[in-house]
Amino acid sequence: MSETSAQSEASTRLEDLRVLAAHAGLPLSPAHLAELADAWSYIEPMLGRIRRNRPHADEPAHTFVPLAFRAAGEEVS
Amino acid sequence: MSSDPTFLTIAQASRMIAAKTLSPVELAEACLARMDAVDAALCSYITPTPELALSQARAAEAEIMRGGSRGALHGIPYSLKDIYETAGIRTTGQSRSLADYVPKQDCPAQQALNKAGGVLLGKTTTWEFAHGGPSWDVVAPPAHNPWNTSRHPAGSSSGSGAAIAAGLCLASMGSDTGGSIRMPAAACGIAGIKPTYGRVSRRGVLPNSFSHDHAGPMAWTSEDLAILLETVSGHDPLDPGSADQPVPNYRAALSGHAKGLKIGVPWAWMEQEAPISAGSRQALDAALEVLCGLGATVQPITLPSLLAYNDCKRVIAMAELFSIHENTLRTRPDLFGASLRYRIIGGAVLRAEDYVQAMRMRAELAAAMQAVFEDVDLIVTHCAEPAGKLEPTSPHWMFAQPNYTTPFNSAGNPAVSVCNGFDADGMPYSLQIAGRLFDEATVLRVGDAYEKATAWRARRPDIAALAAEAAACRETAAA
């Protein structure tokens, strides 16, 4: 890859991240955007390693247990 | 037994207090004197509470003299990581965003320790919100390792580990989201247990990652952990993650042997995936021999990769961490130290799908861990390498390497770190012992038997050298 296209790709990635952060309500300063870009270089491969294409019925680990949220002292009828 | 009261274990001190050969007031005063003498070099406390401690110690002494002992923790000095909410005592989380936060209520863990007659010496140094560190741009400077103050004490329960090893308290409560009790325990040569998820209430403990956070005790020995864990465990209906499980008498389970226990060792983690140093390997091999001598048998086991457990935890934890701090990050990002901000900010660009897929992966990884416990009673690994230099590090290091502690946060199983000897520089090696869900009793039994079969508990940091360093620090600060 030429230096120019690498610079262009980095600039596009930075712009993508700026838009994503803005979508999350974070108007990042250039310094904080640079922090995000650095963190993203580690996060992106991590996300790539999270296994997907699971059977439809595979449950996540945080299955909702309603009894955990009953009021203090509330009995189960 | 040590003639220095600050180096007594809880078990020893409580026997002496019961026999009226040790005064809780003298014990508290000794710990406070140690704090005065060396903490300028260790920075283990953010907020000491000497007046409260002396008042509680006097009350304990009077009550015990009247024949009213409340048990093994009555009159014992302890500290709390500065993420445990304490009524009337500031709880900063080591964050400028909470620098003046004074809770109105004690968290349940503090309520339990107070009820047991413990003597609160203060709030200990932590990484910011138990996650970002070591940092120099937060409320207080980071803690130093008492075995060598140029080394780090690991984190995030850094001050708790340093304070116990150097006799600035006999016990502390830490928290563990990916190893934050066990790594400082490992670095400081003490014992620390991450109990089963749900065993100890997290209510009133500043959150890091809701689904991985564990509150748990740290002390010099596994026997002391047993005393502390029994005190702070139990169902809390106001903590949605709390488990309604009976709490056994952990201390009664300390048999001094490991007869009949099957220990599994995931060699692929330590030999291929994230190879441990030659010194750590030698220490681990020697420890396994000791455990065999105590009656255990050792067999290899296969688990999913360390990286899978670490990736899964990190994605979930980043999303949860961002959800906790997003408002402050939007409005006052300058209130965070750079290390924590770096780790929060990535959560902004994760998608909901990433979080849910990581949670689905977690279910698979947890099931794989529990399947292994069908064949073995315990899993033993090295815990962490001896502590390195304390210096500003790029915050990405937390993403870069998988660690050995996180798999037990992902799966929820209890795991203890105990001291496993010392390297040529005098820094502690560590051993991690993990058990079945809610079987802390077996984990502590083996930790205790190992400690009693080895000589590592006889060695403490050089207090005279620490005091000299502290005096130099005070002189520099005054100049």
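**Exercise 1.** Determine how strand 4 and strand 6 of chain B are joined.

*Solution.* Strand 4 (residues 171-176) and strand 6 (residues 214-219) of chain B run antiparallel and are linked by 6 bridges. Within this pair, B:Ser172 has B:Met218 of strand 6 as its bridge partner. Strands (E, at least two residues) and helices (H or I, at least four) are DSSP runs, numbered from the N terminus. Two strands pair if DSSP finds at least two bridges between them. The model is predicted: local features need pLDDT of at least 70, side-chain atom pairs count only at pLDDT 80 or more, and totals for chains, interfaces and linings use all residues. Residues are numbered from 1 along each chain as its sequence is written, and chains are lettered from A and ligands numbered from 1 in the order in which they are written.

**Exercise 2.** State the strand order of the open sheet in chain B and identify the strands at its edges.

*Solution.* The 11 strands follow the order 1-3-2-4-6-5-10-11-9-7-8, with mixed pairing. Strand 1 (45-48) and strand 8 (297-300) of chain B each have a single partner strand, so one side of each lacks a neighbour in the sheet.

**Exercise 3.** Describe the contact of chain A with chain B.

*Solution.* Chain A contributes 29 residues and chain B 31 residues, where contact requires C-beta atoms, placed from the backbone, within 7 Å. On the side of chain A, helix 1 (3-23) and helix 2 (30-49) each supply at least two residues. Helix 2 of chain A gives the most, with 11 residues.

Methods:
Contact = placed C-beta atoms within 7 Å.
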